[in-house]
Amino acid sequence: MQAATDEYGELREAVRALCADFPAEYHRKIDAERGYPEAFVDALTKAGWLAALIPEEYGGSGLGLTEASIIMEEINRSGGNSGACHGQMYNMGTLLRHGSEEQKRRYLPRIATGELRLQSMGVTEPTTGTDTTKLRTTAVRQGDRYVVNGQKVWISRVQHSELMILLARTTPLAEVKKKSEGMSIFLVDLRDAIGNGMTVRPIDNMVNHETNEIFFDNLEIPAENLIGEEGRGFRYILDGLNAERTLIAAECIGDGYWFIDKVVPYVKERVVFGRPIGQNQGVQFPIAESYIEIEAANLMRFEACRLFDANQPCGAQANMAKYLAAKASWEAANACLQFHGGYGFAHEYDVERKFRETRLYQVAPISTNLILSYVAEHILGMPRSF
Ligand SMILES: Cc1cc2nc3c(=O)[nH]c(=O)nc-3n(C[C@H](O)[C@H](O)[C@H](O)COP(=O)(O)OP(=O)(O)OC[C@H]3O[C@@H](n4cnc5c(N)ncnc54)[C@H](O)[C@@H]3O)c2cc1C
(Lines give C-alpha, C1' and ligand atoms only; values in the text may rest on other atoms or scores of the structure.)
Protein backbone atom coordinates (compact mmCIF):
# COMPACT_ATOMS: atom_id res chain seq x y z
CA MET A 1 0.00 0.00 0.00
CA GLN A 2 1.64 3.20 -1.07
CA ALA A 3 1.18 6.55 0.58
CA ALA A 4 -0.15 9.30 -1.70
CA THR A 5 2.64 9.85 -4.23
CA ASP A 6 4.94 12.69 -3.29
CA GLU A 7 8.04 14.26 -4.72
CA TYR A 8 10.35 12.74 -2.14
CA GLY A 9 10.82 9.40 -3.87
CA GLU A 10 14.62 9.64 -3.98
CA LEU A 11 14.90 10.51 -0.31
CA ARG A 12 12.50 7.71 0.60
CA GLU A 13 14.45 5.21 -1.49
CA ALA A 14 17.75 6.20 0.13
CA VAL A 15 16.41 5.85 3.69
CA ARG A 16 14.65 2.59 2.78
CA ALA A 17 17.91 1.20 1.37
CA LEU A 18 19.68 1.85 4.68
CA CYS A 19 16.76 0.45 6.69
CA ALA A 20 16.78 -2.70 4.55
CA ASP A 21 20.13 -3.61 6.14
CA PHE A 22 18.28 -3.78 9.48
CA PRO A 23 15.41 -6.20 8.87
CA ALA A 24 12.65 -7.25 11.24
CA GLU A 25 14.88 -9.88 12.90
CA TYR A 26 17.29 -7.15 13.97
CA HIS A 27 14.63 -4.99 15.63
CA ARG A 28 12.93 -8.05 17.15
CA LYS A 29 16.16 -9.20 18.77
CA ILE A 30 16.91 -5.74 20.16
CA ASP A 31 13.39 -5.58 21.57
CA ALA A 32 13.67 -9.03 23.18
CA GLU A 33 17.01 -8.12 24.74
CA ARG A 34 15.80 -4.66 25.77
CA GLY A 35 18.86 -3.41 23.96
CA TYR A 36 19.60 -0.21 22.09
CA PRO A 37 19.87 -0.32 18.28
CA GLU A 38 23.45 1.03 18.31
CA ALA A 39 24.39 -0.25 14.85
CA PHE A 40 21.20 1.14 13.30
CA VAL A 41 21.53 4.56 14.93
CA ASP A 42 25.23 4.65 13.95
CA ALA A 43 24.38 3.89 10.35
CA LEU A 44 21.72 6.63 10.31
CA THR A 45 24.20 9.08 11.82
CA LYS A 46 27.01 8.21 9.41
CA ALA A 47 24.66 8.57 6.47
CA GLY A 48 23.84 12.06 7.77
CA TRP A 49 20.13 11.46 8.23
CA LEU A 50 20.05 12.48 11.89
CA ALA A 51 21.74 15.78 11.04
CA ALA A 52 19.08 16.63 8.46
CA LEU A 53 17.92 19.73 10.34
CA ILE A 54 21.40 21.08 11.15
CA PRO A 55 22.29 23.88 8.71
CA GLU A 56 25.14 23.22 6.28
CA GLU A 57 27.35 25.86 7.88
CA TYR A 58 27.39 23.72 11.04
CA GLY A 59 28.07 20.48 9.20
CA GLY A 60 24.51 19.23 8.68
CA SER A 61 22.52 18.85 5.50
CA GLY A 62 20.26 21.87 6.03
CA LEU A 63 17.08 20.11 5.03
CA GLY A 64 13.58 21.14 6.12
CA LEU A 65 11.14 19.58 8.55
CA THR A 66 9.37 17.96 5.59
CA GLU A 67 12.46 15.93 4.70
CA ALA A 68 13.25 15.22 8.36
CA SER A 69 9.72 13.90 8.84
CA ILE A 70 10.08 11.61 5.82
CA ILE A 71 13.26 10.14 7.33
CA MET A 72 11.43 9.37 10.58
CA GLU A 73 8.40 8.00 8.73
CA GLU A 74 10.52 5.65 6.64
CA ILE A 75 12.33 4.29 9.71
CA ASN A 76 9.01 3.35 11.30
CA ARG A 77 7.57 2.10 8.07
CA SER A 78 10.54 -0.22 7.65
CA GLY A 79 9.68 -1.90 10.97
CA GLY A 80 12.13 0.09 13.08
CA ASN A 81 11.40 2.57 15.84
CA SER A 82 12.52 6.18 15.52
CA GLY A 83 12.01 6.54 19.27
CA ALA A 84 15.60 5.38 19.67
CA CYS A 85 16.92 8.49 17.95
CA HIS A 86 14.20 11.08 17.21
CA GLY A 87 15.35 13.25 20.14
CA GLN A 88 18.41 14.17 18.14
CA MET A 89 16.21 15.74 15.47
CA TYR A 90 14.22 18.10 17.63
CA ASN A 91 16.51 18.69 20.62
CA MET A 92 19.19 20.31 18.60
CA GLY A 93 16.55 22.73 17.25
CA THR A 94 16.54 24.34 20.70
CA LEU A 95 20.28 24.87 20.51
CA LEU A 96 20.03 26.11 16.96
CA ARG A 97 17.31 28.65 17.66
CA HIS A 98 18.35 29.89 21.08
CA GLY A 99 22.01 28.97 21.59
CA SER A 100 24.80 31.51 21.26
CA GLU A 101 26.99 31.47 18.17
CA GLU A 102 29.77 30.05 20.32
CA GLN A 103 27.57 27.21 21.60
CA LYS A 104 26.41 26.41 18.09
CA ARG A 105 29.96 26.30 16.72
CA ARG A 106 31.11 24.21 19.65
CA TYR A 107 28.41 21.55 19.56
CA LEU A 108 26.49 21.38 16.27
CA PRO A 109 29.32 20.18 13.99
CA ARG A 110 30.17 17.44 16.48
CA ILE A 111 26.51 16.48 16.76
CA ALA A 112 26.36 16.32 12.96
CA THR A 113 29.28 13.84 12.79
CA GLY A 114 27.89 11.76 15.63
CA GLU A 115 30.83 12.48 17.94
CA LEU A 116 28.30 13.95 20.38
CA ARG A 117 24.70 12.89 20.73
CA LEU A 118 22.06 15.31 21.94
CA GLN A 119 19.31 12.72 22.35
CA SER A 120 17.83 13.76 25.70
CA MET A 121 15.55 16.43 27.04
CA GLY A 122 14.67 16.56 30.73
CA VAL A 123 11.32 18.26 31.33
CA THR A 124 8.80 15.89 32.99
CA GLU A 125 8.77 15.57 36.78
CA PRO A 126 7.06 12.96 38.94
CA THR A 127 4.98 15.27 41.10
CA THR A 128 3.89 17.84 38.53
CA GLY A 129 3.47 15.83 35.27
CA THR A 130 1.92 17.79 32.44
CA ASP A 131 1.65 20.89 34.62
CA THR A 132 5.18 21.89 33.60
CA THR A 133 5.24 25.40 34.99
CA LYS A 134 5.00 23.95 38.51
CA LEU A 135 8.18 21.93 38.11
CA ARG A 136 10.31 21.78 41.22
CA THR A 137 13.84 21.21 39.93
CA THR A 138 15.81 24.35 40.71
CA ALA A 139 19.02 25.80 39.29
CA VAL A 140 20.61 28.43 41.51
CA ARG A 141 23.39 30.64 40.23
CA GLN A 142 26.54 30.55 42.38
CA GLY A 143 29.39 32.49 40.76
CA ASP A 144 30.25 30.93 37.42
CA ARG A 145 28.04 27.86 37.99
CA TYR A 146 24.43 26.86 38.47
CA VAL A 147 23.68 24.34 41.20
CA VAL A 148 20.83 21.99 40.33
CA ASN A 149 18.61 20.07 42.74
CA GLY A 150 15.48 18.07 42.04
CA GLN A 151 14.14 15.11 40.16
CA LYS A 152 12.92 14.21 36.67
CA VAL A 153 11.10 11.17 35.34
CA TRP A 154 10.70 9.46 31.96
CA ILE A 155 13.83 11.05 30.58
CA SER A 156 14.74 9.09 27.49
CA ARG A 157 18.02 8.03 25.87
CA VAL A 158 20.18 9.41 28.70
CA GLN A 159 22.36 6.30 28.59
CA HIS A 160 22.91 6.79 24.85
CA SER A 161 23.60 10.47 24.77
CA GLU A 162 26.45 12.76 25.70
CA LEU A 163 24.29 15.86 26.08
CA MET A 164 20.90 16.64 27.57
CA ILE A 165 18.74 19.73 27.54
CA LEU A 166 17.42 20.42 31.03
CA LEU A 167 14.54 22.65 32.06
CA ALA A 168 14.79 23.96 35.64
CA ARG A 169 13.38 26.82 37.65
CA THR A 170 15.84 29.68 38.18
CA THR A 171 13.38 32.07 39.85
CA PRO A 172 10.87 30.71 42.39
CA LEU A 173 7.29 30.50 41.14
CA ALA A 174 6.16 32.91 43.90
CA GLU A 175 8.49 35.61 42.55
CA VAL A 176 7.44 35.67 38.88
CA LYS A 177 4.58 37.64 37.30
CA LYS A 178 3.56 34.81 34.96
CA LYS A 179 3.98 31.14 35.87
CA SER A 180 5.68 30.49 32.51
CA GLU A 181 8.50 32.85 33.49
CA GLY A 182 11.53 32.08 35.64
CA MET A 183 12.54 28.75 34.07
CA SER A 184 15.75 28.26 32.12
CA ILE A 185 17.31 25.66 29.90
CA PHE A 186 20.80 24.27 30.18
CA LEU A 187 22.97 22.01 28.14
CA VAL A 188 24.11 19.28 30.53
CA ASP A 189 27.24 17.34 29.63
CA LEU A 190 26.16 13.91 30.84
CA ARG A 191 29.75 12.62 30.86
CA ASP A 192 30.61 15.15 33.59
CA ALA A 193 27.28 15.08 35.38
CA ILE A 194 26.54 11.38 35.96
CA GLY A 195 28.15 10.38 39.23
CA ASN A 196 28.86 14.02 40.13
CA GLY A 197 25.47 15.18 41.37
CA MET A 198 23.32 13.37 38.81
CA THR A 199 22.04 9.82 39.25
CA VAL A 200 20.20 7.83 36.58
CA ARG A 201 17.77 5.03 37.40
CA PRO A 202 16.35 3.15 34.37
CA ILE A 203 12.60 2.47 34.20
CA ASP A 204 11.50 -0.91 32.86
CA ASN A 205 8.55 -0.21 30.63
CA MET A 206 6.11 -1.64 28.11
CA VAL A 207 8.11 -0.51 25.09
CA ASN A 208 11.81 -1.05 24.51
CA HIS A 209 12.37 2.63 25.15
CA GLU A 210 15.41 3.63 27.16
CA THR A 211 13.88 5.95 29.69
CA ASN A 212 14.90 6.92 33.22
CA GLU A 213 14.34 8.59 36.52
CA ILE A 214 16.95 11.26 37.19
CA PHE A 215 18.00 12.71 40.51
CA PHE A 216 19.97 15.94 40.96
CA ASP A 217 21.83 16.51 44.19
CA ASN A 218 23.89 19.69 43.95
CA LEU A 219 24.79 19.08 40.31
CA GLU A 220 27.04 21.92 39.13
CA ILE A 221 26.63 23.18 35.58
CA PRO A 222 28.99 25.83 34.16
CA ALA A 223 27.07 29.10 33.68
CA GLU A 224 28.19 29.15 30.04
CA ASN A 225 25.90 26.13 29.46
CA LEU A 226 22.79 28.26 29.96
CA ILE A 227 20.98 28.40 26.60
CA GLY A 228 19.54 31.81 25.70
CA GLU A 229 18.39 34.18 28.41
CA GLU A 230 17.81 33.12 32.00
CA GLY A 231 14.09 32.90 32.77
CA ARG A 232 12.91 32.29 29.20
CA GLY A 233 13.44 28.54 29.07
CA PHE A 234 9.79 27.51 29.03
CA ARG A 235 9.19 29.65 25.94
CA TYR A 236 12.23 28.06 24.25
CA ILE A 237 10.95 24.56 24.99
CA LEU A 238 7.52 25.49 23.56
CA ASP A 239 9.22 26.76 20.40
CA GLY A 240 10.56 23.26 19.78
CA LEU A 241 7.29 21.46 20.28
CA ASN A 242 5.83 22.01 16.83
CA ALA A 243 8.78 20.22 15.24
CA GLU A 244 8.59 17.43 17.79
CA ARG A 245 4.87 16.89 17.29
CA THR A 246 5.11 16.92 13.51
CA LEU A 247 8.01 14.45 13.49
CA ILE A 248 6.14 12.12 15.82
CA ALA A 249 3.06 12.41 13.61
CA ALA A 250 5.25 11.24 10.71
CA GLU A 251 6.49 8.30 12.78
CA CYS A 252 2.92 7.28 13.55
CA ILE A 253 2.10 7.54 9.85
CA GLY A 254 5.07 5.25 9.13
CA ASP A 255 3.71 2.82 11.72
CA GLY A 256 0.22 3.09 10.24
CA TYR A 257 1.44 2.13 6.76
CA TRP A 258 3.49 -0.69 8.28
CA PHE A 259 0.34 -2.15 9.88
CA ILE A 260 -1.62 -1.82 6.65
CA ASP A 261 1.22 -3.38 4.63
CA LYS A 262 1.30 -6.24 7.11
CA VAL A 263 -2.40 -6.96 7.52
CA VAL A 264 -3.69 -6.67 3.96
CA PRO A 265 -1.63 -9.53 2.47
CA TYR A 266 -2.35 -11.60 5.58
CA VAL A 267 -6.14 -11.31 5.35
CA LYS A 268 -5.99 -12.08 1.63
CA GLU A 269 -4.11 -15.30 2.30
CA ARG A 270 -5.53 -16.59 5.55
CA VAL A 271 -8.40 -18.98 4.75
CA VAL A 272 -11.00 -19.75 7.42
CA PHE A 273 -14.50 -21.16 6.70
CA GLY A 274 -13.33 -21.92 3.18
CA ARG A 275 -12.55 -18.35 2.14
CA PRO A 276 -9.96 -15.65 2.81
CA ILE A 277 -10.84 -13.78 5.99
CA GLY A 278 -10.33 -10.56 4.00
CA GLN A 279 -13.46 -11.39 2.01
CA ASN A 280 -15.55 -10.61 5.07
CA GLN A 281 -16.61 -7.00 5.31
CA GLY A 282 -16.26 -7.21 9.08
CA VAL A 283 -12.55 -7.62 8.41
CA GLN A 284 -12.28 -5.23 5.48
CA PHE A 285 -13.96 -2.23 7.04
CA PRO A 286 -11.73 -1.59 10.09
CA ILE A 287 -8.67 -1.90 7.83
CA ALA A 288 -10.15 0.41 5.20
CA GLU A 289 -11.20 2.87 7.89
CA SER A 290 -7.75 3.07 9.44
CA TYR A 291 -6.18 3.45 6.00
CA ILE A 292 -8.47 6.42 5.30
CA GLU A 293 -7.48 7.95 8.63
CA ILE A 294 -3.76 7.47 7.97
CA GLU A 295 -4.08 9.17 4.58
CA ALA A 296 -5.95 12.09 6.14
CA ALA A 297 -3.39 12.42 8.95
CA ASN A 298 -0.66 12.39 6.32
CA LEU A 299 -2.17 15.45 4.61
CA MET A 300 -2.24 17.34 7.92
CA ARG A 301 1.35 16.33 8.63
CA PHE A 302 2.51 17.73 5.27
CA GLU A 303 0.55 20.92 5.91
CA ALA A 304 2.28 21.32 9.30
CA CYS A 305 5.67 20.72 7.61
CA ARG A 306 4.91 23.21 4.85
CA LEU A 307 4.03 25.95 7.30
CA PHE A 308 6.98 25.17 9.58
CA ASP A 309 9.42 25.25 6.65
CA ALA A 310 7.91 28.56 5.50
CA ASN A 311 8.46 29.99 9.01
CA GLN A 312 4.73 30.44 9.48
CA PRO A 313 2.73 29.66 12.63
CA CYS A 314 1.92 25.94 12.63
CA GLY A 315 0.91 25.14 16.22
CA ALA A 316 -2.62 24.13 15.25
CA GLN A 317 -1.51 21.95 12.35
CA ALA A 318 1.37 20.31 14.26
CA ASN A 319 -0.92 19.41 17.15
CA MET A 320 -3.74 18.22 14.91
CA ALA A 321 -1.32 16.14 12.82
CA LYS A 322 0.02 14.48 15.96
CA TYR A 323 -3.51 13.81 17.22
CA LEU A 324 -4.78 12.37 13.92
CA ALA A 325 -1.66 10.31 13.23
CA ALA A 326 -1.41 8.80 16.72
CA LYS A 327 -5.09 7.85 16.56
CA ALA A 328 -4.86 6.44 13.02
CA SER A 329 -1.78 4.35 13.73
CA TRP A 330 -3.42 2.98 16.85
CA GLU A 331 -6.57 2.01 14.91
CA ALA A 332 -4.40 0.34 12.27
CA ALA A 333 -2.43 -1.45 15.01
CA ASN A 334 -5.64 -2.74 16.55
CA ALA A 335 -6.98 -4.01 13.24
CA CYS A 336 -3.63 -5.60 12.39
CA LEU A 337 -3.43 -7.41 15.71
CA GLN A 338 -7.07 -8.46 15.63
CA PHE A 339 -6.98 -9.95 12.14
CA HIS A 340 -3.78 -11.84 12.76
CA GLY A 341 -5.79 -13.71 15.38
CA GLY A 342 -3.53 -15.62 17.76
CA TYR A 343 -0.52 -15.02 15.51
CA GLY A 344 -0.69 -11.31 16.28
CA PHE A 345 0.59 -12.17 19.75
CA ALA A 346 3.60 -14.13 18.51
CA HIS A 347 6.84 -12.13 18.62
CA GLU A 348 7.95 -13.43 15.24
CA TYR A 349 5.17 -11.54 13.46
CA ASP A 350 6.38 -8.19 14.91
CA VAL A 351 2.77 -7.01 15.21
CA GLU A 352 2.66 -6.98 19.01
CA ARG A 353 5.97 -5.08 19.15
CA LYS A 354 4.81 -2.35 16.76
CA PHE A 355 1.42 -2.33 18.55
CA ARG A 356 3.17 -1.51 21.85
CA GLU A 357 5.44 1.04 20.23
CA THR A 358 2.72 3.04 18.51
CA ARG A 359 0.49 3.08 21.61
CA LEU A 360 2.98 5.33 23.39
CA TYR A 361 2.15 8.30 21.18
CA GLN A 362 -1.24 8.93 22.66
CA VAL A 363 0.45 9.63 25.99
CA ALA A 364 3.88 11.02 25.11
CA PRO A 365 5.29 13.48 24.38
CA ILE A 366 1.88 15.01 25.01
CA SER A 367 -1.35 13.27 25.79
CA THR A 368 -4.26 13.32 23.37
CA ASN A 369 -6.38 15.13 25.97
CA LEU A 370 -3.90 17.98 26.15
CA ILE A 371 -4.05 18.40 22.37
CA LEU A 372 -7.84 18.54 22.51
CA SER A 373 -7.52 21.12 25.24
CA TYR A 374 -5.08 23.17 23.14
CA VAL A 375 -7.43 23.15 20.14
CA ALA A 376 -10.47 23.97 22.29
CA GLU A 377 -8.79 26.88 24.03
CA HIS A 378 -6.27 28.30 21.57
CA ILE A 379 -7.92 27.58 18.23
CA LEU A 380 -11.60 27.68 19.11
CA GLY A 381 -11.38 30.28 21.85
CA MET A 382 -13.23 28.36 24.54
CA PRO A 383 -12.60 29.28 28.18
CA ARG A 384 -9.36 28.22 29.77
CA SER A 385 -9.85 25.12 31.90
CA PHE A 386 -6.56 25.00 33.81
C1 LIG B 1 8.29 6.03 27.23
C2 LIG B 1 8.21 7.47 27.61
C3 LIG B 1 9.24 8.33 27.24
C4 LIG B 1 9.23 9.67 27.64
N5 LIG B 1 10.30 10.49 27.33
C6 LIG B 1 10.36 11.73 27.87
C7 LIG B 1 11.54 12.53 27.73
O8 LIG B 1 12.52 12.13 27.08
N9 LIG B 1 11.58 13.76 28.34
C10 LIG B 1 10.54 14.24 29.09
O11 LIG B 1 10.66 15.33 29.62
N12 LIG B 1 9.39 13.50 29.23
C13 LIG B 1 9.29 12.26 28.65
N14 LIG B 1 8.16 11.49 28.83
C15 LIG B 1 7.06 12.00 29.66
C16 LIG B 1 5.81 12.32 28.87
O17 LIG B 1 5.99 13.51 28.14
C18 LIG B 1 4.67 12.38 29.90
O19 LIG B 1 4.45 11.06 30.38
C20 LIG B 1 3.41 12.96 29.33
O21 LIG B 1 3.58 14.29 28.97
C22 LIG B 1 2.26 12.84 30.33
O23 LIG B 1 2.67 13.34 31.58
P24 LIG B 1 2.44 12.47 32.89
O25 LIG B 1 2.96 11.10 32.62
O26 LIG B 1 2.96 13.19 34.07
O27 LIG B 1 0.88 12.35 32.97
P28 LIG B 1 -0.11 13.30 33.81
O29 LIG B 1 0.23 14.73 33.63
O30 LIG B 1 -0.21 12.76 35.18
O31 LIG B 1 -1.45 13.01 33.04
C32 LIG B 1 -2.04 11.68 33.04
C33 LIG B 1 -3.22 11.68 32.08
O34 LIG B 1 -4.23 12.52 32.62
C35 LIG B 1 -4.89 13.20 31.58
N36 LIG B 1 -4.84 14.65 31.89
C37 LIG B 1 -3.91 15.33 32.62
N38 LIG B 1 -4.25 16.63 32.71
C39 LIG B 1 -5.43 16.77 32.04
C40 LIG B 1 -6.28 17.87 31.77
N41 LIG B 1 -6.01 19.09 32.22
N42 LIG B 1 -7.38 17.64 31.02
C43 LIG B 1 -7.67 16.42 30.56
N44 LIG B 1 -6.90 15.33 30.78
C45 LIG B 1 -5.79 15.52 31.50
C46 LIG B 1 -4.21 12.84 30.27
O47 LIG B 1 -4.95 11.85 29.61
C48 LIG B 1 -2.89 12.25 30.69
O49 LIG B 1 -2.47 11.22 29.80
C50 LIG B 1 8.13 10.16 28.38
C51 LIG B 1 7.08 9.30 28.72
C52 LIG B 1 7.11 7.97 28.37
C53 LIG B 1 5.99 7.06 28.78
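Within the shell around the ligand, strand 3 gives the most, with three residues. The model is predicted, and the shell in question comprises 22 residues, of which the closest to the ligand are Val123, Gly129, Thr130, Trp154 and Ser367. Two or more residues each come from strand 1 (120-122), strand 3 (145-156) and helix 12 (368-379). By class, the shell has eleven nonpolar and eleven polar residues, and no charged ones.

**Domains and annotation**

The protein chain is divided into domain 1 (9-113), domain 2 (120-231) and domain 3 (235-379). The feature "domain: Acyl-CoA oxidase/dehydrogenase middle" is placed by UniProt at residues 120-218. In the model, this span is 47% strand and 4% helix, with its end C-alpha atoms 20 Å apart. UniProt also records "domain: Acyl-CoA dehydrogenase/oxidase C-terminal" at residues 231-365. That span is 74% helix and 3% strand, and 23 Å separate its end C-alpha atoms.

**Contact between domain 1 and domain 3**

The C-alpha centres of domain 1 and domain 3 are 21 Å apart. Their contact involves 27 residues of domain 1 and 24 residues of domain 3. On the domain 1 side, helix 2, helix 4 (65-77) and helix 5 (86-98) each supply at least two residues. Helix 4 provides the largest share of that side, eleven residues. The side of domain 1 that touches domain 3 is made up of nine nonpolar, twelve polar and six charged residues.

**Two helices with a buried face**

Helix 2 spans residues 24-33, and its residues His27, Ile30 and Asp31 are buried. Viewed down the helix axis, the buried residues of helix 2 fall within an arc of 100°, so they line one face of the helix. An α-helix has 3.6 residues a turn, so residues three or four places apart point the same way. On the other side of helix 2, the exposed residues are Glu25, Lys29, Ala32 and Glu33. Helix 11 (351-359) is included in what covers the buried residues of helix 2.

Helix 3, at residues 38-46, has Phe40, Val41 and Leu44 as its buried residues. These buried residues lie within an arc of 95° when seen down the axis of helix 3, so they too line one face of their helix. Glu38, Ala39 and Lys46 are exposed on the other side of helix 3. The packing partner of the buried residues of helix 3 is helix 1 (9-20).

**Backbone features**

Most residues other than glycine have a negative phi, and most peptide bonds are trans.

| Residue | Phi | Location |
|---|---|---|
| Arg34 | near 55° | follows helix 2 |
| Gly48 | near 90° | follows helix 3 |

A cis peptide bond joins Ala364 to Pro365, with omega near -5°. Pro365 is found in the loop between helix 11 and helix 12.

**The surroundings of Cys336**

Cys336 is part of helix 10, which covers residues 315-339. This cysteine counts as buried because 31 C-beta neighbours lie inside 10 Å of Cys336. Leaving aside residues up to four places away in sequence, Cys336 touches Phe259, Lys262, Val263, Gly344 and Val351. Val264 is 72 residues from Cys336 along the chain, yet their C-alpha atoms are separated by 8.5 Å.

Notes
Residues numbered from 1 in each chain as written. Predicted model: local features only at pLDDT ≥ 70, side-chain atom pairs only at ≥ 80, totals over all residues. UniProt positions renumbered as here; feature names shortened; annotations may be inferred. Near = placed C-beta within 6 Å. Nonpolar A, V, L, I, M, F, W, Y, C, P; charged D, E, K, R; others polar. Buried ≥ 20, exposed ≤ 12 C-beta atoms within 10 Å, placed from the backbone. Arc of directions from axis to C-beta. Contact = placed C-beta atoms within 7 Å. Domains from an automatic or database assignment.
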